[in-house]
Amino acid sequence: MSHASRTAPRICPLCEATCGLTLTIEGTTVTGARGDRDDIFSRGFICPKGASFGGLDADPDRLRVPLVRGEDGELREASWDEAFDRIAARIPALAEAHGPQAVGVVLGNPNVHTMAGSLYPPLLLAALRTRNVFTASTLDQMPKHVSSGLLFGDANAIPVPDLDRTDHLLLIGANPLESNGSLCTAPDFPGRLRALRRRGSTLTVIDPRRTRTARLADRHVAIRPGADALLLAAMAHVLLEEKLTDPGALAEHLEGADELAVALADFTPDAVAAACDVDAATITALARELAAAPTAAVYGRIGSCTVEHGTLASWLVDVLNILTGNLDRPGGALFPLSATARAPRAAAPGKGFALGRWASRVSGHPEAKGELPTAALAEEIETPGEGRIRALIVLAANPVLSAPDGDRLDAALAGHLDFMVSVDPYLNETSRHADVVLPPPPPSQSAHFDFAFNSFAVHNQVRYTRAPIPLEDGRMDESEIHARLILAVSGMHGAPPSAVDDLAIATAITKAGAPEELADELTGRSGPERRLDLMLRLGPYGLTLERLLAHPHGIDLGPLKPRVPEILRTRSGRIELLPAPIAADLPRLRRALGDRPAPLVLVGRRHLRSNNSWMHNVVSLSGGSNVCTLQVHPDDAARLGLVDGATVRIESAGGGIEAPAEITDTVRSGVVSLPHGWGHSRPGTRMAVAAAHPGANVNQLLDGTLLDPLSGTAVLNAIPVTVTRSP
């Protein structure tokens with residue numbers, strides 16, 4: 001039976017760029033996806049992931065009904081009622097018997113790509129009252145949250161580069177031509193960088209690999225991996241020593257400038273040059289060029305975060321922007337204002353940001369932003385004693401692949417848990433251990449709003465798309481899954497899911513000091529839409545859901561504008577340039593001046609056709625450049641006797657893995673590179689495409705003991721390794 005073809009708009013949920021798509025639909029099947037030329041933010045741009053929307057949406061390996069583990073130990077299909085009955089019978093009982101800390105929660109990065117994943121986890125954590133919370137942030141971006149919290153008093157106040165107006169952009173540890181940007185939501189990042197070059201602006205890239213982004217740059221500095229904080233500290237030293245600082249309008253809002261100069265006195269270009277393997281003259285030139293530019297922005301990402309001094313590097317990125325007067329000004333780095341943000345308030349001192357309010361049970365890792373290091377999850381499950389995690393709720397996460405030492409975590413999940421729940425569309429390396437698996441519907445059957453990424457957008461705008469295809473019979477909306485999960489664990493099993501949204505709405509109205517009658521004015525077909533309507537009404541632009549629905553391609557809210565001092569929440573009400581935890585960690589960085597790295601260190605890399613492990617099961621995204629190879633410089637290959645394409649063995653503290661060698665001069669000598677998200681070789685999964693091309697899990701090289709102490713982020717880059725030919 002043929003169906004007439006139609007089109008529908010949909011925001012792409014597959015990376016942080018949030019591009020607008022135009023889907024072609026026949027019946028209930030997405031048959032094509034192209035860029036939405038009318039989208040007010042992405043203007044028709046699309047990447048291979050977005051173009052593969054239909055393939056991911058219709059993946060035959062996606063689960064369609066819940067799975068429940070039977071008495072024989074095998075997972076079988078079950079009804080939704082049976083699945084939630086099982087959860088309601090086990091989680092509250094375990095929490096009652098062993099305390100709330102007996103339940104752990106793991107949140108993966110796909111959560112911020114869905115409405116439900118953004119709206120409901122905070123309510124789940126409140127219901128559980130557990131401090132055992134682990135997220136993908138401590139494998140990626142937590143250093144940036146911590147440094148922003150310490151500088152500005154708000155861990156979510158992260159400035160983004162004003163890409164479309166800057167005269168000088170310096171990228172460190174970032175490869176947006178393949179990542180599409182991270183903590184910087186910018187559809188068509190490649191086009192924006194090319195436009196930057198066309199208007200005569202300067203692009204500098206600091207990266208140990210000659211990435212696609214580096215090849216576009218005016219200057220590429222092939223730094224030694226892990227030395228980012230040292231180089232940035234030396235640049236700040238040059239600015240201070242040569243009196244090139246000019247904070248401009250920020251001057252009256254700064255605290256600690258004199259102390260900063262003293263703290264960075266030892267980090268001269270000559271002192272850091274050997275450790276960075278960047279000559280002092282180049283470091284000095286980088287600082288002077290930054291200061292001389294009419295406007296400039298420094299932007300650092302995962303390569304500078306997932307290293308031993310990730311928080312210090314993230315702090316120094318903002319310090320450079322502050323010292324040159326480029327923080328909070330057009331053409332520099334500014335703070336976005338999303339449509340669902342709290343309305344601006346008058347400048348005043350706030351509560352500030354605190355670290356280490358509690359610590360993990362086994363190793364005593366301090367919390368950061370309410371989270372514990374994901375690298376510590378296995379020991380919290382397997383180590384006996386009061387407070388041991390006995391039940392685990394995993395929301396869209398695959399830590400067996402994404403966290404260090406997946407073998408240890410794999411064994412802990414298999415042998416030490418009393419109960420486990422996964423909300424996941426796939427039976428993957430982690431969810432295969434669950435007692436209950438709750439599968440959300442495919443993206444085409446879900447509405448979409450970017451609560452998280454609009455807070456990092458390079459242009460203020462707002463867009464919302466309803467589900468272009470009705471929910472298939474037998475499926476459950478992801479928001480209802482989350483709401484029923486909350487009810488099941490909180491002793492309210494059987495109550496209508498709308499009760500969760502009603503409570504969230506009432507609480508938000510009370511906190512905002514708005515009249516109770518506002519709840520009756522909200523529109524929308526569902527609880528999530530009513531909550532979105534409320535947030536829009538209470539937000540800084542006074543929008544409504546009805547107005548947003550009337551603009552299917554989005555509403556332009558204007559370019560980013562200065563927001564200091566309104567965004568400051570520090571106890572002083574000022575930007576605190578040298579917070580005490582940062583000052584206390586600088587001696588550790590100072591000791592690194594004398595370090596000399598191992599002969600060979602490993603760094604990760606990102607593929608344009610991938611987003612961690614959860615897109616490796618899409619046929620159209622596999623192959624091509626999206627392969628798991630160990631990139632090795634020709635000089636290192638000759639020294640080690642390696643041949644292109646031959647299998648090599650890589651070993652480090654956590655273990656050993658094997659991968660094909662790719663001999664290339666795009667990595668500097670002394671550095672090898674392996675992509676993350678691979679290792680689909682464990683039994684019991686149902687991801688046929690991924691299993692056919694399993695690759696090697698780079699995180700198995702790590703034992704999980706090496707963390708950035710301020711943020712608890714796992715050190716995933718600049719790892720000493722040995723590489724040998726496989727027999």
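Predicted model: local features only at pLDDT ≥ 70, side-chain atom pairs only at ≥ 80, totals over all residues.
Local features are reported at pLDDT of at least 70 and side-chain atom pairs only at pLDDT 80 or more, while totals for chains, interfaces and linings use all residues. Residues are numbered from 1 along each chain as its sequence is written, and side-chain values use heavy atoms, with hydrogens and water left out.

Two packed helices are described by the angle between their axes and the distance between the axes. Here the pair is α10 (residues 228-241) and α13 (residues 280-292), whose axes come within 9 Å and cross at roughly 60 degrees. Helices (H or I, at least four residues) and strands (E, at least two) are DSSP runs, numbered from the N terminus. Axes are lines fitted to C-alpha atoms, for helices over the stretch in contact, with angles from 0 to 180 degrees between N-to-C directions. The two helices are therefore oblique to each other, a class for whatever remains once angles under 35 degrees (roughly parallel), over 145 (roughly antiparallel) and 65 to 115 (roughly perpendicular) are set aside. The crossing of α10 past α13 is right-handed, meaning that the near helix is turned clockwise from the far one by less than a right angle.

On the α10 side, the contact (heavy atoms within 4.5 Å) is made by L231, A234, M235, V238 and L239. Helix α13 contributes I283, T284, L286, A287, L290 and A291. By class, this contact has 10 nonpolar residues, 1 polar and no charged ones. Nonpolar covers Ala, Val, Leu, Ile, Met, Phe, Trp, Tyr, Cys and Pro, charged covers Asp, Glu, Lys and Arg, and the others, Gly among them, are polar.

Turning to the backbone, the peptide bond from V564 to P565 is cis, with omega near 15 degrees. P565 sits in the loop between β19 (555-558) and β20 (575-576). K369 belongs to the loop between β14 (333-334) and α16 (377-382), and A396 to the loop between β15 (391-395) and α17 (399-402). With 28% relative accessibility K369 counts as partly exposed, whereas A396, at 18%, counts as buried. Buried means under 20% relative accessible area, exposed over 50% and partly exposed in between (1.4 Å probe, protein chains only).

Finally, the cysteines. The structure holds 0 disulfides, a disulfide being a pair of cysteine sulfur atoms within 2.5 Å. C15 is in none, and the nearest cysteine sulfur, that of C47, is 5.3 Å away. C15 is buried at 6% relative accessibility, and C628 is buried with a relative accessible area of 9%.
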